[in-house]
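Let's take a walk through this model, starting with the whole fold and then stopping at a few individual residues. Keep the viewer open as you read.

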Amino acid sequence: HVQLVESGGGLVQPGGSLRLTCAVSGSNVRAYAMVWYRQVPGKQRELVASITSTRSTYYAAYVTGRFTISRDNAQNTLYLQMNTLKPEDTAVYYCNRMDGAFSWGQGTQVAVSS
């Protein structure tokens, strides 16, 4: 049984930073590309960033230069460092394998507001 547990979200002021963590249990993901998505109520989930097994990264245009995705294969964990946060980054953030093989976790809420 694979479990994805996202954490690290919270309320932060514009310009602030957060570091999200995705802990994966029940499957070793070192050989797979992993992704972060986000979703706002009433809208489709959108891709934020991805990282391959060889640590090649991709970022959506709206987070390029502000967010950094990384992974710790020894810990089976995925990270998202978010800097210079904007109100439009407010969303629930989710992680998954790039091929969507896992059931979605509960996500972690990020709220950017003054």
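First, some ground rules. This is a predicted model, so to speak a computed one: local features need pLDDT of at least 70, side-chain atom pairs count only at pLDDT 80 or more, and totals for chains, interfaces and linings use all residues. Residues are numbered from 1 along each chain as its sequence is written, and side-chain values use heavy atoms, with hydrogens and water left out.

Start with the secondary structure. There are 0 helices and 10 strands in the protein, where helices (H or I, at least four residues) and strands (E, at least two) are DSSP runs, numbered from the N terminus. Along the sequence that reads β-β-β-β-β-β-β-β-β-β. The radius of gyration is 13 Å, close to the 13 Å from the globule rule for 114 residues, so the protein is as compact as a globular protein of that length. (The radius is taken over C-alpha atoms, and the rule is 2.2 Å times the number of residues to the power 0.38.) Along its principal axes, the C-alpha trace spans about 40 × 25 × 25 Å.

Buried residues account for 42% of the 114; buried means under 20% relative accessible area, exposed over 50%, and partly exposed in between, with a 1.4 Å probe and protein chains only. The accessible surface comes to about 5900 Å², with 49% of it belonging to carbon and sulfur atoms. These areas come from the Shrake-Rupley method with a 1.4 Å probe, and for residues only the protein chains shown count as cover. As for contacts (heavy atoms within 4.5 Å), residues 24 or more positions apart make up 51% of those with a separation of 6 or more.

Where is the disulfide? Cys 22 sits in strand S3 (residues 18-25) and Cys 95 in strand S9, so the pair ties together parts that are 73 residues apart in sequence. The torsion about the S-S bond is about 60°, so this disulfide is right-handed. Both cysteines are buried.

Next, look at Met 82 in strand S8. Met 82 is buried, at 0% relative accessible area. Leaving out residues up to four places away in sequence, Met 82 touches several partners, among them Leu 18, Leu 20, Phe 67, Tyr 93 and Val 110.

Ile 51, in strand S5 (residues 46-51), is buried too, with a relative accessible area of 2%.

Most residues other than glycine have a negative phi. Asn 76, however, has a positive phi of about 55°; this residue is in the loop between strand S7 (67-72) and strand S8 (77-82), and is buried at 12% relative accessible area. Thr 84 also has a positive phi, near 45°, and is found in the loop between S8 and strand S9 (91-97). At 45% relative accessibility, Thr 84 is partly exposed.

Technical notes:
A disulfide is a pair of cysteine sulfur atoms within 2.5 Å.
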